[in-house]
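Some notes on this model follow. Please read them with the coordinates open.

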Amino acid sequence: MKKLAYLGPIAVVLGVVFITSAATKAPVRVLEMVAPEQVNDDLQAAVAEVDGHLRRRWEDVGLIPSKSTDELTVLRRLSLALHGTIPSLEEIRLFEQDTRADRLLHWTAGMLEDPRFFDYFAERLARSFVGVEQGQFLLFRRDRFLHWLSEELKSHTPYDEIVRQMITGEGVWTGEGEVNFLTSGYADGEFDPNKLAARSVRAFLGQRIDCAQCHDHPFDHWKQSEFEGLAAHFGKISINPLAGVFDNPKETFTVEDRLTLEEREVSPEVPFSPEWQGETKASRERLANWITHTDNQRFERAIANRVWGLLFGTPYVMHRPVDDLPDPDPETDDLLDILGRDFRAHGCDLRRLIQVIAASDVYRLSSANPLDDGADESAQQLELARDRWAVFPLIRLRPEQVIGAMLQANNVHTIDQNSHLITRTLRFFRERDFVDEFGDPGVDELQERSGTIPQALLRMNGKFAGELTEANPFGAPGRINLSASTPEKVIETAYLMTLTRRPQEEEVAFFREWIDTEQRAKGIEDLFWTLFNSPEFSWNH
Amino acid sequence: MIHNPSFQTLMHSLTRRDVLKVVVGTGLTFLLPSLEGKAVEKRGAERPKSLITLWMGGGPSQLETWDPHPQSSVASGVRAIPTRLPGLEIAELFPRTAEQIHHLSVIRSMVSKEGDHERGTYYVQTGYRPDPTVVHPAMTAVISKWLNNDELEIPQHVALASGDGFVVPRGGYLGAEHDAFRIYDPGNNIHNMRPRVDDERQSRRLEGLEVLSRQFRQGRPGQVRETMHEQMIQRALTMMSSDQLKAFEIDSETEETKKKYGDSRFGRGCLVARRLVEQGVRAIQVTLQGFDTHANNLEGHRSQAEILDPAFSALIEDLVERDLLDSTIVLCIGEFGRTPWLNPLDGRDHWPVGFSCVVGGGGLRSGLVIGETSPDRAFEEKEKRVTESSPPKDPVSVPDLYATILTQMGVDPTEEIFTPIGRPIRLSEGSPLTRLVPNLA
């Protein structure tokens, strides 16, 4: 009897877990929820303008763009960009059942209403707004900020309004999530307006004025005085435990003069177009007006470049940090101007911006291109094609995408808020641990970087690689093993789940003998391992 | 930022050259005959230099380590003991280190401007304050890149007994490939270094990988080559099968040796660090977390010292015995020190102005005690902002410390490198402490 005494408590725990997870489990989704019947049908004009612009850039230098890739590959790209994971087998099946000619448009619209999008995009944008640090103890709550941003995305708040709320926020940071944008300016118990000024210009206007904090910018036109004037907008911020963040009229913003070492007071100024600040007296409101003003092109160019970067893995203006754009050129329109204008004309709607990019020809180009024949002679031409977006770039997945994709590939069903609580909890911890070990690029996540040996070791030999390829009854490899499928079907399923494509004949021919044996489970494990470690899995293509 | 197109071209070519360098480097590693035996045999000052940083995570109290002030009006009760270095007294918690510390020097006047763990760690590991426009490389990353050892098949930059994510030294703008290779529990397992299946399955997995790679290369051979995905796997496999991996193992060490270092993650880390130095690894960090004693400072430091004292002293003793100290700089430092007075919880809070570090070996002058703090004066100025309180006598900045170490290791601290966005940054903005570097004095 004594031996069984522990069964009681375990049964209670299991019961509670079962009941709570059953209660939180929403009804099974149907196709309509994934891809709505109605989609924006006025995308056409904007998409045509984007296509036309890029086509001219290709024709100017006689470039022949890549062919269009297949729709499943586009679905994979979208899923990685918007949800940080690859399509589940369940989604692939639903997608293939969808017979509408423009099904990708419907699916894009559907993915943008999925809670996975709110949370995933909130985290991506938050990195530019508040960074990745945990910040000042007690004064900064990154989780509250994320929750707020996710809710704003969910409720379709226009982007300019989101930015305005962050800059003008007031109140307690635990209650008002957006206020954490301001309290992220605290370090070592002191509030630093410079930090917020620098961050605002980088995140909202896509330019780096930070260097002007100490000296006039060596390459651009920013002056130290301009930086100080911007920072002064945050100079009245005070904090008290009851009211939270508020502007204290008695506070002044002073800086130490680098030459005389004397403190001098600086009043809020903007570097250009002061008329955009509006009539209000409140300095943060004036700054918000100025940053989001309809004539401030930097604002829409910055977000267009960032959203492009999140969709393609690298910003539209290549080889530069996403928040280091050249000044807008008043003479000619570039693609960011075109995207930005449409974004403004549609109420700073982030979904619209994403849909226009996702529906354009360039987003559906193949990453294979005849210019890429491996020969040195064509290398220069290929470089040109890449610079002009005539070929879809091969971009390394970010760590959260790698583990997100691996976890999804281990499940037949979609992992989302409908998933079992245990699945979601497991996903949360596994993702966190993996990203930590893989190395989180933090705020610079859109910068090009090389892979590392420890990452290769982690993918090959790590705990996750072991768990997620293991043929146990809880994961996909095990379930496929238990199914009565033919070896061909097993291989096809594994390919769809990991690479979102069907295998080629020669691939089936090679892997067939791994599966068609007594040791089928081991064969399936090895197949999943091989798929997870392939370049195709780790590189967005 | 870079408007000049030719400048941009230069940056492009630099990146490509870097890529090429790695590729060539890879090739060489495979082709060169193993010279490892000779490198291991070489001893004394002739040996290429290495750096071992003992990272005291959380910020150790200078008073309960290398700068006790038992006579001070704010003393907490820890007594001072003499060391083998005449005139130097350290906290009584370190009797074994007292026997070895004369091989090194003590700096009691380290100053920093960062009083937060994450920012302070960044500053003390890189020599630069956090800057949103650029991520600086840790000094250990700089050393592992500049003194790169071509004969190594194991990582050039290793973090042992690593703690919080931000305590692991990073490559910053030098690239993620210069991040430290992390071993969480040194001596007990080599992380991710063993295949999860037997040889037969492993080799068929690799064959399968080639089938998939071939498929993926179609239509994009040049781009796939540039990803270096296969090279990374190849290099990982080389590492997995390398004999040099034995440097991470401590099974072959005697029980006596293991006992001397102490059976803790940190102790085993120090032992592995010594083995890595023998193998030719140039930059190693061993982390001991747990110095953040906001409450019960003395108790906290007593238990930390039980780990640190045997490990630190055994490491120095071993390096001396094996004639490796002349080629190995050892630096024991944390992100800051702790307030000279106790708070109401008998704890000490963060204190970046006047904390201690121990540094020596690698040919640096030994037996020096630099700087002097005054807990009493600090207490008088308690109401001031920490950064505005009077600095210690003879203050030493972190950049100065790193300029010293770089210089001694044969790397010019004034060398400028271009960050990925084309900004020139010096390896260190400090000036070497001439007192410590024999060739400069």
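1. Leu160(B) stands opposite Ile183(B) in β6(B). The strands involved are β5 (residues 157–160) and β6 (residues 181–183) of chain B, which pair in the parallel sense over three bridges. Pairing here requires at least two DSSP bridges between two strands. Strands (E, at least two residues) and helices (H or I, at least four) are DSSP runs, numbered from the N terminus.

2. This is a predicted model: local features need pLDDT of at least 70, side-chain atom pairs count only at pLDDT 80 or more, and totals for chains, interfaces and linings use all residues. Residues are numbered from 1 along each chain as its sequence is written, while chains are lettered from A and ligands numbered from 1 in the order in which they are written.

3. β5(B) also has a partner in strand β7 (residues 283–288) of chain B, again parallel, over four bridges. There, Ala159(B) stands opposite Gln285(B). Which way do the residues of β5(B) point? His157(B) and Ala159(B) go one way, Val158(B) and Leu160(B) the other, and all are buried. Buried means 20 or more other C-beta atoms within 10 Å of the residue's own; exposed means 12 or fewer, and partly exposed is in between, with C-beta atoms placed from the backbone.

4. Chain B as a whole has 13 helices and 15 strands. Of its 441 residues, 49% are buried. Among its contacts between residues at least 6 apart in sequence, 73% join residues at least 24 apart. A contact is a pair of C-beta atoms, placed from the backbone, within 7 Å.

5. Now the interface. It takes 47 residues from chain B and 51 residues from chain A. On the side of chain B, α4 (117–126), α6 (199–217), α7 (221–227) and α8 (229–240) each supply at least two residues. α6(B) gives the most, with ten residues. By class, this side of chain B has 19 nonpolar, 15 polar and 13 charged residues. Ala, Val, Leu, Ile, Met, Phe, Trp, Tyr, Cys and Pro count as nonpolar, Asp, Glu, Lys and Arg as charged, and the others, Gly among them, as polar.

6. The domain assignment of chain A gives domain 1 (133–292) and domain 2 (428–540). Such bounds come from an automatic or database assignment. The C-alpha centres of the two domains lie 44 Å apart.

7. The largest nonpolar core has 242 residues; Val307(A), Leu311(A), Leu54(B), Ala273(B), Val286(B) and Leu331(B) touch the most other members. Both domains of chain A give residues to this core, so it lies between them. A core is a set of buried Ala, Val, Leu, Ile, Met, Phe, Trp, Tyr and Cys residues joined through C-beta atoms within 7 Å. Leaving aside residues up to four places away in sequence, Val307(A) touches Leu350(A), Leu353(A), Ile354(A) and Ile357(A).

8. Helix α11 (residues 193–205) of chain A reaches 17 Å from its first C-alpha to its last, close to the 18 Å expected for its 13 residues. That expectation is 1.5 Å times one less than the number of residues. In α11(A), 13 of 13 residues are buried. Just after the helix, Gly206(A) takes a positive phi of about 65°.

9. Two backbone angles deserve a check. Most residues other than glycine have a negative phi. His156(A) has a positive phi of about 60°. His156(A) lies in the loop between α8 (142–154) and α9 (159–168) of chain A, and counts as exposed because it has 12 C-beta neighbours inside 10 Å. Met228(B) also has a positive phi, near 60°. Met228(B) sits in the loop between α7 and α8 of chain B. Buried or exposed, and why? Met228(B) counts as buried because it has 21 C-beta neighbours inside 10 Å.

Key:
Two residues are in contact if their C-beta atoms, placed from the backbone, lie within 7 Å.
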